[in-house]
Amino acid sequence: MTQGEKLRLIVSLSIPSILAQLSATVMFFIDASMVGHLGANASAAIGLVETTGWLMGGLAMAANMGFSVQVAHAIGANDFKRARRILRQSLVCCMLFSITISLIGLAIALPLPHWLGGADEVCHDASLYFAIIGLCGIFFQMEGLAGSMLKCSGNMKIPSMLNIGMCVMDVIFNYLFIYILDFGVKGAAMGTGLAELVTAILMLWFLLFRSDMLGFLKKSERHEVRGERLPLSWDKFKPKADIVGNAFKIGAPMALQHLLMGGAQIVSTIIVAPLGTIAIAAHSLGITVEGLCYMPGYGIAEAATTLVGQSFGAGKRALTQSFARMSAGLGIGVMTLMGALMWVFAPELMSVMTPVDDIISTGTECLRIEAFAEPMFAAAIVCNGIFVGVGDTLRPAIMSLLSVWGVRLTLAALLATTYGLPGVWTAMAIELTFRGLMFLGRLLHGGWLKTLNAAHS
């Protein structure tokens, strides 16, 4: 492939994923705006437990990637039978995992806002919101698993279209539950959960019944040559040690990373909580606005995971390295532009989220601090997607954890007492820049390619 052909392939796979990521961010943007217009307490209630919800979502994503990366490798090696076997086992394992996580979420929903230092006036709504989101975790898990499987097979279009549809449904359902039925904060969680349920059903249908590579419920896959129906026995779904073991090797470092990164976000919430309701609301809404900047990076990272993973499965070192470097460069370029736009339009973006002047001014200051970190944030996001593609998850996880816990939280605790919320965001910007430089250095020096050498030696 020429460099131009590689770039076009990266872009063609990235665009649907970027659109889906952006639509998801717009969904959260609109959700937060709907809730924000209920008042500062409503925004603070969601912002208080939001980071714990991200933690649960991160664990779900790690479980999904433990299996979907194996599917990408199998497809790269043209072993579609193995890919379908991995898929069947992943459905059972991820369902059991999601049920466990949801039960834990329900168990801690009531005391969680108090643990995080929330004011009494926001704790009730925060608990209800988190309980509903925890209950809907099963839908999130299965939608994410089906989407990641389709993407690893090279099908970016269907998951992206369905995710965009989920955003539209989320806005409609949220408007219904928040305003028409007057459920307030809990209505936001109910609308999101219902949108995830519908999307999960559609995503699984396209994966299991329509996918050429992975659809083991397609008519052609359910019949033998003589036309006799092949039963889908439990043995075909029963988890096997080799596949589950590989999923654990890939997913466990990612799960640990999400666990400790989510823990760091929770600690950040604890640092912000004493600064008051305005600070909590500005912090939560500012993170939602920033998502407009960094979600394109995650879209490019998903494309990189697919292309690098399939090249890895085919044992093509030069192609793997070329896709990796071009993806990283594209991500940095796109997010640099997005960071510049965020700096310019920060006041307008915050004013869409809330009518409260104090929240708008504080959030604007924080967003303009964060804009300078976007290029290296892109490097961290895309490089991590590249490393996941080859199953190299342990060292990047360690690097991320050392960066967040050693740099961000230490600086945030020091700066918050003097500079308030802008001090916390300054610490975040410094840490993201530091982490991006580390990840970019690892990419350019090629240490991650040792995984490829070991696999094909």
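## Close-up views of a predicted model

**An edge-to-face pair of rings, F216 and F237.** F216 has a relative accessibility of 5% and therefore counts as buried (buried is under 20% relative accessible area, exposed over 50%, partly exposed in between, with a 1.4 Å probe and protein chains only). The model is predicted, so local features need pLDDT of at least 70 and side-chain atom pairs pLDDT 80 or more, while totals for chains, interfaces and linings use all residues. Residues are numbered from 1 along each chain as its sequence is written, and side-chain values use heavy atoms, without hydrogens and water. Eight aromatic pairs turn up across the whole structure (ring centres of Phe, Tyr or Trp, the latter by its six-membered ring, within 6.5 Å; planes under 30 degrees apart are stacked, over 60 edge-to-face, the rest tilted). In the pair shown here, F216 and F237 have ring centres 5.7 Å apart and planes at 75°, so it is edge-to-face. Both residues sit in the loop between α8 (185-210) and α9 (241-272), 21 residues apart.

**Helix α10, with a bend at L292.** Spanning residues 277-313, α10 has 37 residues and reaches 50 Å from first to last C-alpha, close to the 54 Å expected (1.5 Å times one less than the number of residues; helices are DSSP runs of H or I, at least four residues, and strands runs of E, at least two, numbered from the N terminus). The bend at L292 is about 50°, and P296 follows within four residues (the angle between axes fitted to the seven residues ending there and the seven starting there). Because 32 of its 37 residues are buried, α10 is largely enclosed by the rest of the structure. Just past the helix, G315 has a positive phi of about 75°.

**A salt bridge between E302 and K151.** The N to O distance is 2.8 Å (a salt bridge is a Lys or Arg side-chain nitrogen within 4 Å of an Asp or Glu carboxyl oxygen). E302 belongs to α10 and K151 to α6 (residues 137-152), so the pair ties together parts 151 residues apart in sequence. E302 is partly exposed at 22%, whereas K151 is buried at 11%.

**E431 with two arginine partners, R408 and R435.** E431 bridges to R408 at 2.8 Å and to R435 at 2.9 Å. R435 and E431 share helix α15, four residues apart, about one turn. E431 is buried at 0%, and R435 is buried at 8%. Shared partners join R408, E431 and R435 into one network.
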